[in-house]
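Subject: Handover of a structure

Dear colleague,

Please find below the structure that I am handing over to you, with its sequence. My notes on what was found in it follow directly after.

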Amino acid sequence: MRKMAGGRGKRIHFTRLYSFSCLKSKFGDKHSQIGEKGYSRVVYCNDPDNPEQLQLRYGSNYVSTTKYTAFNFIPKSLFEQFRRVANIYFLVVACVSFSPLAPYSATSVLAPLVVVIGATMAKEALEDWRRKKLDIEANNRKVKVYDRSNTFQDTRWKNLRVGNLVKVYKDEYFPADLLLISSSYEDGICYVETTNLDGETNLKVKHALDVTSSLREDDHYKKFKAIIRCEDPNEDLYSFIGTMRYDGQQYPLSLQQILVRDSKLRNTEYVYGVVVFTGHDTKVMQNATDPPSKRSKIERKMDKIVYILFGLLILVSFMGSFFFGITTKNDIHDGKVQRWYLQPERTTVFYDPKRAALAAFFHFLTGLMLYGYLIPISLYVSIEMVKVLQGIFINQDQDMYYDETDNPAHARTSNLNEELGQVDTILSDKTGTLTCNSMDFVKCSIAGTAYGRGVTEVERALAKRKVDAQHNIVNFSSNLQMSTDDITDLGKSIKGFNFKDDRIMHGGWVNEPHADVIQKFFRVLALCHTAIPEVNQETGEIDYEAESPDEAAFVIAARELGFEFFERTQNSISLHELDYGKGRKTDRSYELLHVLEFSSARKRMSVIVKNAENQLLLLSKGADSAMLERLSRKAKEFEARTREHIKRYAEAGLRTLVVAYRELNEDDFRSWEEEFLNAKTSVNADRDALVDAAADKIERDLILLGATAVEDKLQTGVPECINKLAAAGIKIWVITGDKMETAINIGYACGLLREDMKQIVITLDSPENSDLEKLGDKDDATKASSESITNQIRKGRAQLSSSGGSSTSFGLIIDGKSLSFALGTDQEGAFLDLAVNCASVICCRSTPKQKALVTRMVKKGTGKTTLAIGDGANDVGMLQEADIGVGISGVEGMQASMSGDFTVAQFRFLERLLLVHGHWCYRRISMMICYFFYKNIAFGFTLFWFEARASFSGQPAYNDWYMSFYNVFFTSLPVIALGVFDQDVSARLCLKHPRLYEEGVHDILFSWPRILGWMLNGIISSMIIFFFTTNSILHQAFRRDGSVVDFEVLGVLMYTCVVWTVNCQMALSINYFTWIQHFFIWGSIAFWYIFLVIYGSLSPVVSTTAFRVLVEACAPSPFYWLATLLVVVSTLLPYILYRTLQTEFNPMIHDRIQRSRLRGSGIESSDSVKMGIVKDKSRYQDSLLVKQ
C-alpha cells in the first residue's frame, strides 16, 4: 500500500482544498428539479426490499456486452448475413431452385450457401463467446453486501440490487455506481483509479458527506437508513445531481460522493457505499457505445463491382433469353417443325413455340440462376478470414514491439488493414506522440537571469541548419555549451530533472544577487501543485503522485534545489527548506487555504497559503499568455528580459510557464473567500463561470519571479520515420496546443520542416488585431480578423502559384485563433487548397475540437485516406473522425489507444505499420478481389458460351456438384493464401524504397482500369477454354473404340481446364511462395481429381453425369491429358506475354525493385530506382493506371 509521508497516524483531511470545498454544498437550481422528469430515481439505502422501491422495478446488476443471446443468435445473425446483397441473391436462387425453372438441383445450390453462411456465423459466435466469457467473469466477481443478519456476506456482482450497502476493499473494483458513505480515513476520503473509464492514470480523490463519514465500523449500520433522490441514469461521467435524506435532514449530493463502476479503490483500506445505479444503468455502461463504423475504400468499391456483376448477370441472361425466344418461336415455321427431335408440338410452357415470349421470360429467370456463378459466393467470408489473419500478423510483429513498456502493436479492428496502404495524409498530435511526454526540468529564468547550461535536441537541430554550427548554439546565461545528455552523465540520473548550473545548485543560489527572488521562485514550485508525496519505506526516498509530468518535474526540481516537499495534511504543506539567511535546512509548514486548479480555459494554477509569519500569499504559475497580463504595474522589473528568455526557450522547443506571487491583505482575502465559497457551493449551470470569475478577481497584481522551461524530448526514431513517410508521398500535419515558436522548432528537429522549405505563416498575433481587441468592440475585431485571414490565405496561394513548376516546397504554419476563422464555411475551401499543396502543415494552439474539425475537413475535402495518431483523451475526436485512428499507448493513459483502430507504442512504428504491413495488406486484398472476379468470370462465361452452342437451351455445361464446389473447394484456398502470405518485395526493401508505397496512395492496384482488365482477362480465358476445347475434339475419336466425346466428357474436360487455368494464374500472380501456397494451389487441382474419382464411384442416381467418367473415359485417353495441357498453356499465354512486355518496357515500382534484386547479390541503390521512377512523373502515373 502506498503511504503518505508522515505515516498512517496523520490522516489527511482535504475538505478545505479547492477540489473538495464544494462538498459543503448548498442547494442550487438543479436540485429544485429533483422528482421531475430526468430526476426521478429514488433509492432506499440499506433497504432494497422496501415495497415502494420494489414497485420501481430497477434493473439487476447483470451486465451483458454480447451482440447476441442464445435466443436471438440465429435470427439476428442471419439478418446480418443477408444484409449483403450477394447473399440475398443466392438465397433467392436457392428458393427458386426447387421449381422446374432451375437448371440444377436445389441441394447443389443450398450446400455452398449453407457452408459460407455457416462459416461466417461460426466466426460471429466465436467472437461473441469471448465477450460472453468476460461478462461471466465480471458478473461472478464477489463483493461484501450487508444482509438481514447485520453482517457483510460475499455476494456475486450480478445479484446486487439498488439500495444494497456494500463494503469494497483496497485494489478491488466497484461493482456498481455507489454513493460513498464512509471510508477507512476519518474524514471519509478515498482514492480512486479511473484508468478503465478515461484512461487517466493519476488518482482521483472522493469524499463522503461529513454527516456519514463517521460510520466507519460494520456495527454502525444496524440502524442506518436513508433515502436518495437523484438524476435518472445517464452517460455523463462528470456530473451528478441528487439529495439524501438522513436523520430527518436533507443533504445535497455531487459527483464527489459517487464511485463509478469499474473504477478501482486505491490507497484506501476499505469504503462503505450504497448502490445507486446497477447493470446497464451505470455510467460506464451508458457510455458503452460502439465506435463509429468505418469501411475501407476498397470495400466500398467492391460493393460497386458486385453491382456491376449483377448488371452483367442480367445482361447475359437477357441476351440468352432473347435468342432463346427467337429460336423457340422459329421451331414451328409455316406449319413445319424445325427441330423435330425436341417435339416442340408437345412441349411444356417453358419451350412452347406458340408462347415464345412467355418461354423467353421463364428462360430469363433460368439464366439468372445459371449464370449466378459470376457472383463470388465465398468472397466476403474469404476476405474476413484473410483480414483476421493479417491482423494477427500485425499483432505479432516483433519489430513493432516496445520492450520498455511491454507493448506490442495491436490491430483493434481488421476491417481497415488495406486502408493502411492508402494513407495520403497523417494528422498527428505532438506531445506524447512525437515527443515522450516525459518532462525534464532543464532551464529557468529568475529575476531576469537565465539559468541552465544544457543544449536541447531542438537547439542541436537548429545548429545543424547554420553554417557555423559550432559557434551558434547559444546558451542564454553563459558560453558554456553542454548537451543535456552529458549533464545527466555527470551524476545520478534523476527522472524529471536534467538541470545543471553551479550558480544555483548545491545551495549556490544564496550567493546570487537576487537570492530572495530565487528562494520565492522555488518556494512557489514546491507549494503550488496538487501532488501527493509517497515515502519509500525501505530507502526513505520521496516520490510524487502528480496529475501531469510537468507538475512532477517542478516539484522534483524544487526538491533538488533545496526545497523538498515531504508532507501534506488536511490544511498544510511542509517543506525541508534551505534558509539562506541561516545557511542551513529547516522544516517550514505552510497552512493551505485554497487551491485554484488549472484548467484549459484558465491556463494557470494558484494556491493561497499562510506562512509561519502569518503572511497570506497567493502563489501562481501558468502560461505566459494568461500570466503576464496579470502582473502588477509596479512589479514588472524583470518582464522584458523574462519575455526574451521565454521566446528563446520556445525557440529551443521547451515548454514554458511563468511563475509569480502576491501578498494578500487579510480583510481583502476574507471578503474574496466568502464570494469564492458561495460560487463553489452553488450547484447550477453557471457554477464554473462563477468560480472562474471569483478566481480571476484575486489572481491580479502579481509580482513576477521568473519562468520555467521543461523539455519534452522527441521519441527515438521520429525524424527518420517522418523522412521515410514523406518520401513515400504521405503529407504530414501536426496539430498541437503548443506555442507557434515551439511547434516550428520541434518541426525542424523532427524533420517536418527543412531549411530549403519556404514558410507560409498565418497568424492573428499582430499589433493591429491586439489594439482592436483591447478596444472591446468584438464585431469589429471579428470582422478585421476574418479579413486578415482571407488576405493571408490569398497571399499564400499566390506564393504557391508563383513557384509553379519549381522544386520549392512549402510549409504552412497557422495558430489556433486563425484556424477558427479558416475553418469557417467561407474560408474552408481556400484554406484547404492552400494546405494540401504544402509539403507540411503545423496547426498551433489548437483545441481538441479543432483537431477533429481539421481532420474532417481534410477527409471530406480531399476524398483521400486520412490517418490520425495521438496519445491523449484530447485526441479521441480526431482519431474517430479520421479514416484510420492510431492510438499511442503512452503516458496520458489508454483512452486514445482504446479509441483507435490500431495501437502502437511509439510513433516510429508507424513507418513499419504503413510502409510494410499497409503496403502488403493493400496489395494482397486488391489482388485477392481482382482474382476472385477473374476466376468467377472465367468460369461463368464458359457456361454462357456452352449455352449459346446449345441453342440457349438453359442446359449447364457441368454437373451440378462441379459448379457448387468450384468456389468452395477447388479455387478458394489459394486465394486465401495469397491474401495472407504474398509479398511483392521483402519488408527490408519496403522500408528501403518508400516510393513503393505510392502504389497504394494512388490506388493503382485497385483502380478501375486494373479491375476491368482482370474482368477482360476472365472473359478471354473463358473463350479460349471453351472454343479450343470444343474445336479440338469436335470430330476426333476420344476412346479406344473410336467413339467421340459425349456431353459428360466435354464437361469434365472443360472443367479441368478451368481449374488448372485459374490455379496456374494464381501461381503466376504470386510473388512470394511458401509451402502453404504450393500446398493450396497444387492441392486444389489434385483435390479436383480425387473428388471426381470418389464422386464418380457413387451410384449413377447420385453421381449422374459424373459416374466413372474419369476412371473409365478420361484418364485412359491420352487426348484428355494432351488437350488439358495445350488449352491451359494457350489460356495463360496472353497474360504471360502482357506481363513480360510490361515488366520490360513499362515496369511498375515493385517490378523495378524485383528486377534489381534478381540481378546478382547486390541491390540497386534506392537513388537509382528512384531516378528511374521519377524521370518522367506523368508517364510513370499513366503507366501505373493501365496495369492489367
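The protein chain contains 40 helices and 37 strands. Please note that this is a predicted model. Of the 1188 residues in the protein chain, 57% are buried. Among the contacts in the chain with a separation of 6 or more, 74% are between residues 24 or more positions apart.

Helix α33 covers residues 1047-1069 and helix α34 covers residues 1075-1096; their axes come within 9 Å and cross at roughly 165 degrees. Angles over 145 degrees count as roughly antiparallel, and α33 and α34 are therefore roughly antiparallel to each other. The crossing in which α33 passes α34 is right-handed. On the side of α33, the contact is made by V1052, Y1055, T1056, V1059, W1060, N1063, C1064, M1066 and A1067. On the side of α34, the residues involved are I1081, W1082, S1084, I1085, W1088, Y1089 and L1092. Sorted by class, this contact of α33 with α34 comprises 13 nonpolar and three polar residues, and no charged ones.

I would next draw your attention to an arginine. R923 is located in helix α27, which spans residues 909-949. Is R923 buried or exposed? Its relative accessibility is 5%, and buried means under 20%, so R923 counts as buried. Neighbours within four places in sequence aside, R923 is in contact with D982, D984, E999, L1005, N1071 and H1150.

The cysteines can be summarised briefly. How many disulfides does the structure hold? The number is zero. For C230, which is in no disulfide, the nearest cysteine sulfur is that of C45, at 9.6 Å. A disulfide requires two cysteine sulfur atoms within 2.5 Å. C230 counts as buried, because its relative accessibility is 0%. C1114 likewise has a relative accessibility of 0% and counts as buried.

D210 lies in the loop between β7 (204-207) and β8 (226-230). With a relative accessible area of 46%, D210 is partly exposed. In sequence, D210 and E186 are 24 residues apart, while in space their C-alpha atoms are 9.9 Å apart.

With kind regards

Methods:
Residues numbered from 1 in each chain as written. Predicted model: local features only at pLDDT ≥ 70, side-chain atom pairs only at ≥ 80, totals over all residues. Heavy atoms only, no water. Axes fitted to C-alpha atoms, helices over the stretch in contact; angles between N-to-C directions. Helix = DSSP H or I, 4+ residues; strand = E, 2+ residues; numbered from the N terminus. Parallel < 35°, antiparallel > 145°, perpendicular 65-115°, else oblique. Left-handed = near helix turned anticlockwise from the far one by under 90°. Contact = heavy atoms within 4.5 Å. Nonpolar A, V, L, I, M, F, W, Y, C, P; charged D, E, K, R; others polar. Buried < 20%, exposed > 50% of the residue type's maximum accessible area, 1.4 Å probe, protein only.
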